[in-house]
Amino acid sequence: MAIVKAEKTPARAAPISESSLIGWMRMHLFSSTFNSILTVISLYIIYITVFGVWKWGVTDAVWVAGNRRECFNISINGACWAGVITWLDNIFYGRYPREDLWRVNLGGLLLFIWMAPLWLPRVKAKVFIGLTTVFLYPFLAGYLFAGGEKGIFMQVMITAAIVCLLGNTTHSIIGLFTGRSLPEFLIRLLGKNAASEKSQRNILLGILVLSFAVVYIWQMGWSVEVVPWTKWGGLFLTLVISGVGIASALPGGIILALGRRSKLPVVRVLSTAFIELFRSVPLITVLFMATTMFPLFMPEGFVLNKLVQVIIAVCLFNACYMAETVRAGLQAIPKGQFEGAHTIGLGYVGTMSLVVMPQALKHMIPNIVGSFIGLLKDTTLVSIIGLFDILGMLRSISRDTPWLGLHKEPLIFGAALFFLICFGMSKYSRHLEVKLSTGNKH
Amino acid sequence: MAVSDGPKKTEHIKPIEKFEFFQDERVRSVFYQLLTAAIVGWAVWYLISTTAHNLEVRGMSSGFGFLNVEAGFDTDFKLVEYVPGIGTYGDIFIIGVLNTLYISALAIVASTVLGFAIGVLRLSSNWLVSKVALAYVEIFRNTPLLIQIIFWYTGIFSLLPKIRQSYDLSGGTEFVLLNNRGLYMAWPVPGDLLWMTGVAFIVAVIAVVIFRRWNRKRQDATGQVFPTFMPSAALIIFLPGIVFAITGSPLGWDLPKLEGFNFVGGATVPPAFLALLVALSIYHAAHLAESVRAGILSVNRGQRDAALAIGLRQNRVFSLVVIPQAMPAIVPPMISLWMNVVKNSSLAIAIGYPDLVAVFMQTSLNQAGRAIEIVGMTMAFYMFVSLTISGLLNIYNKRVQLVER
């Protein structure tokens, strides 16, 4: 028996179109009763926070005032940004002599110039540029910031740094326009492309030595005044500490990670113990250890200043965290890579530096950036042991007589500053991750 | 084309019979290990000898005898009896350890609950909700914890009204009061027959466990599902409740009373405690939310589709299929996050909550000297905690792996 439906089945309503605004809202905000309630609650939360912050921080805020009382007189319920603005120089540079601020700015600018080629697509030898940033830039910047008498060693390092910076910059400019490297360009410029490799190399070496000599003689002529470390402060000091920490954490971390994965039991046990010791205690205890115990460790008459103590502590601490990041990266490298490298006759050093590390480091970039962000945030801890880093400066605003008790605004400003830096870095590393992973698939 | 004919004479290259001592791998490995051991040994010996020399020159004594010496200072929050002037540095150590563990435990619970909630909200199909959760995560993850702690302390909890204008968080009953001196809570005073309620509670819990077992067996045998949640909840709430009512509510409350300039009675925690608790919970919840989100996303989409296809409801899909598979990915980062909570609780020193670092590593060290002993004891405590926690993690990982294969 066949059943025939007498009526036509009514057509179902068209699905909600997602393309119109109403349709999108029905899909994503009001798809069910529960979701609608959630939407209303979140709208309320957004209203409360955004408008509250906007009213307090912008419309009711005081931007220009001589002291906190004036702020209150103008607007009792608003933020008093005037205090932060007055202290802006201190927040960024601490008590660094105002007439010498150009040195700090120049240091920052040089770093930017040094590292900018890393982002330019056509420039070659990026690894070299990166390595020189880590190993030579600190000497130049260190002298710029600290000043004083240059020893022979410092003179050589400063010269090397300047020559390297000049070389890097011309190299990247040439690379940007011609796609060639600096040595190639120089050889072509001198019309020696036909010459043998050996004589080419000799010419390049000659140019290098010549420029080194010229720069060396030039740098003997100038020096900058001493600025004692006690005058360093603010964001500048934070960046110096975390910068040194970052620069030394990577090589230190690589060595420790290799030690931990070593086949030699003594090396492995020692590295593991060292890493675990520093990873299981809070940074603040390491800082206290540095300030209270390092003086006992030093031979008589040899005094480390507090900044150096702190930097050593930060370096040790971060090298151990970096070691675990590197180890994770090394574990991701398939065994075949090690075996392949052995087969073509590479020893341990060759295997690691030519085959394994380049691959591992590429995988690790997001994690490395993550630990750098962590390090930058952790650097604020040095304010606890009495250095005037950015947080120390922000806190001293509330102890400054005209701005007595001004706590919230400086802290919010500092938090916003950190947010910009850290959020930018993490977004960039995610972008990098995507870029590298697509490059990996083919 | 000329091909050289005749059998090709293969030349045998004789291996070099010379034994190159340093090219042998075993020799090298022993050499490198000896070298490392020698360098480390020398460094340790050097540090010890200079330290001993320095201590001698400065006339500083060493040893753990100072733990029995009276400490002349007080802490404004402690979980054990302590009288300044009579209590020793050893007592101070115990106070610090307990304070650290106390705030860490509370912060771990709070941040875990909050982190799971935010992590699930982050995956909500509701666009607005997921964006609000994202904003929360990004804001709190990308600002230093120390700034957050100081902000909560100086910007919020220190600016609360004075004692006489306390906020009453319990709606006029004066059970929970909040002011710029801290949080004042009524404290339960157990009566005579309260133990019966406790017994009833334990009985209820055992009954629930048996009930659940029975239910699982029945489900395995017959395939029928018996609702367990509501009966279990009812049992656990009502059985002790009824016993409590029958025995005549043997529980009094010690209410905080305003006497002179301060509250007396009840339990109190200082503002620094509250600030630290709130900051630690919020900061680590933001980190945990990301782990939870990543863990849930790591479960294959097909698992969810399949669960829906066999007719499970949305919340059952979550509790029976997604969460069990996501847990192995969530638990390891969660446990290392707990470790971070314990370590980061040491930032209490910035706002004056008397945790181990503040009372022992700072105040005691300043007064008693003995840098090496104090630093060593403090670090040993943190290492003990993190070794314990990572031991737990290893046990968990082993269990998960067994279940998987």
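Are A:R260 and A:E324 buried or exposed? Both A:R260 and A:E324 are buried, where buried means under 20% relative accessible area, exposed over 50% and partly exposed in between (1.4 Å probe, protein chains only). Keep in mind that this is a predicted model: local features need pLDDT of at least 70, side-chain atom pairs count only at pLDDT 80 or more, and totals for chains, interfaces and linings use all residues. Side-chain values use heavy atoms, with hydrogens and water left out, residues are numbered from 1 along each chain as its sequence is written, and chains are lettered from A and ligands numbered from 1 in the order in which they are written.

**Salt bridges**

- Over all chains, the count comes to ten salt bridges, each being a side-chain nitrogen of Lys or Arg within 4 Å of a carboxyl oxygen of Asp or Glu.
- As background, side chains of opposite charge can pair when their charged atoms come close.
- A:R260 pairs with A:E324, with the closest N and O atoms 2.9 Å apart.
- That pair links distant parts of the chain, 64 residues apart: A:R260 sits in helix α12 (residues 234-260) of chain A and A:E324 in helix α15 (residues 306-331) of chain A.
- Helices here are DSSP runs (H or I, at least four residues), as are strands (E, at least two), and both are numbered from the N terminus.
- A:R260 and A:E324 also belong to a salt-bridge network together with A:E276 and A:R327.
- Another salt bridge joins A:R103 and A:D100 (3.5 Å, N to O), and both of these residues are buried.
- A:K55 and A:D60 meet in a salt bridge too, at 3.2 Å from N to O.
- A:K55 is partly exposed at 48% relative accessible area, and A:D60 is partly exposed at 23%.

**Cysteines**

- The count for all chains is one disulfide, taken as a pair of cysteine sulfur atoms within 2.5 Å.
- In general terms, a disulfide is a covalent bond between the sulfur atoms of two cysteines.
- A:C71 and A:C80 make the disulfide, with their sulfur atoms 2.0 Å apart.
- The A:C71 and A:C80 link is right-handed, with 70 degrees about the S-S bond.
- A:C71 counts as buried at 3% relative accessibility, and A:C80 is buried at 4%.
- A:C320 is in no disulfide, and the nearest cysteine sulfur, that of A:C315, is 11 Å away.
- A:C320 is buried as well, at 0% relative accessibility.

**Domains of chain A**

- Chain A splits into domain 1 (98-226) and domain 2 (235-397), with bounds that come from an automatic or database domain assignment.
- The C-alpha centres of domain 1 and domain 2 of chain A lie 27 Å apart.

**The sheet in chain B**

- Four strands of chain B make an open antiparallel sheet, in the order β1-β2-β3-β8; two strands pair if DSSP finds at least two bridges between them.
- β1 (167-168) and β8 (267-269) of chain B are the edge strands, each pairing on one side only.
- Strand β3 (residues 182-185) of chain B pairs with β8(B) in the antiparallel sense over three bridges.
- B:Y184 stands opposite B:T268 in β8(B).
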